[in-house]
Every structure is written in structure tokens, then in C-alpha cells.
Amino acid sequence: MSYVKSVLQPGENIRFVTDIHWMVYLPGLLLLLVGIAVVVLVWSFGVSGGVAVFLHGLAAVLFVGAAILMFIGWFKRWTTEVAVTDKRIIYKRGFISRYTIEMHLDKVESVDVDQSVLGRIFGYGDILVHGTGASLEPLRNIESPIEFRNYVTAA
């Protein structure tokens, strides 16, 4: 059972659930492409001897680094939940050590969405929720931030 579903109050309904955007995989994918490029260069130019051993070792290190970065991205996505219910905003991250923050919708003053050009193209951005007396920490790289804002402000 997800964290959000486990903390719902009686009569409270989930209106919108989002996630960290898939762009968290981008560093790992870029490293994977560099590793593939190294292997292709070795095969294309017929490099042999000590240089080939070095380049194959470099490619192996790049592949391991890519796998680690992609695992970290997956784990971050898997352990983060962002939801808007008809009563509050819920944000949870972490697996064993958990960090959660909630804000009741009647305490929300404004919702700021910050999207870069790539964020606009691929549909992700940072969200900052301002409330009476306090603000949520910025929610970074959130998928569908405009839709998130619309569900919060439509209350």
C-alpha cells in the first residue's frame, strides 16, 4: 500500500497523484551512451593492444557508473510520492528513513511553478507551495507541474 493511501483520513479522496519525472534517468543514460561510444570506437578503428584493454576497461567503468546512476534515479522515483487530496497536499520521500510534509489546502496561498525550456518540452518542473505562515520546500523535477497546480488551486 502506498504511503498516501495509508494516511488518508475518513472521507478524504485522492484528486491527483504525480511523480518525479523520468529525467532523473538522464545522467545514467548519458553515461551509458558515452560507454557505448567508446566500445563502438574501439571496434570501428580496430584498436588493439594496451590501448584496447584501457578503452574496454573505461567502457566497463562507464557501464557500471551508468547502472548505478540509473538505479539511484529509479530508487528516487520509487520512494517519492506526491499527491493532492480534497483536503491537503502530501509529499513523501525515503524508504527506511522517511521524510514527509503535508499542507492543508485551506492554508495554501499560492503555488509557483518553475519550468525551464526542457521542462516545458518534456512536462516537468519545480513547484513551490506558499502557505499562510510557511511554505513547503520546493518540490523538484515533478511530472505535470501545471496540472498539479490546477488541482491545488481548484479547491
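The structure is a predicted model, in which local features need pLDDT of at least 70 and side-chain atom pairs count only at pLDDT 80 or more, while totals for chains, interfaces and linings use all residues. Residues are numbered from 1 along each chain as its sequence is written, and side-chain values use heavy atoms, with hydrogens and water left out.

Strand 6 (residues 124-131) and strand 7 run antiparallel and are joined by three bridges, two strands being taken as paired if DSSP finds at least two bridges between them. These strands belong to an open sheet of three strands with the order 5-6-7 and antiparallel pairing. Strand 5 (108-114) and strand 7 (139-143) each have a single partner strand and stand at the edges, so one side of each is left without a neighbour in the sheet. From one strand to the next, the twist averages 40°, with axes fitted as lines to C-alpha atoms and angles running from 0 to 180 degrees between N-to-C directions.

A search of the whole structure finds nine aromatic pairs, defined for rings of Phe, Tyr and Trp (its six-membered ring) with centres within 6.5 Å and classed as stacked for planes under 30 degrees apart, edge-to-face over 60 and tilted for the rest. The pair of W22 and F122 is edge-to-face, because the ring centres are 5.6 Å apart and the planes stand at 80°. W22 lies in the loop between strand 1 (14-18) and helix 2 (26-45), whereas F122 lies in helix 4 (residues 117-122), so this pair ties together parts that are 100 residues apart in sequence. W22 is partly exposed at 36% relative accessibility, and F122 counts as partly exposed at 39%, the class between buried (under 20%) and exposed (over 50%), computed with a 1.4 Å probe and protein chains only.

W78 and F95 form a tilted aromatic pair, with 5.3 Å from centre to centre and 35° between the planes. W78 lies in helix 3 and F95 in the loop between strand 3 (88-94) and strand 4 (98-104), so the pair ties together parts that are 17 residues apart in sequence. One aromatic cluster is formed by F71, W74, F75, W78 and F95.

Definitions and conventions: Helix = DSSP H or I, 4+ residues; strand = E, 2+ residues; numbered from the N terminus.
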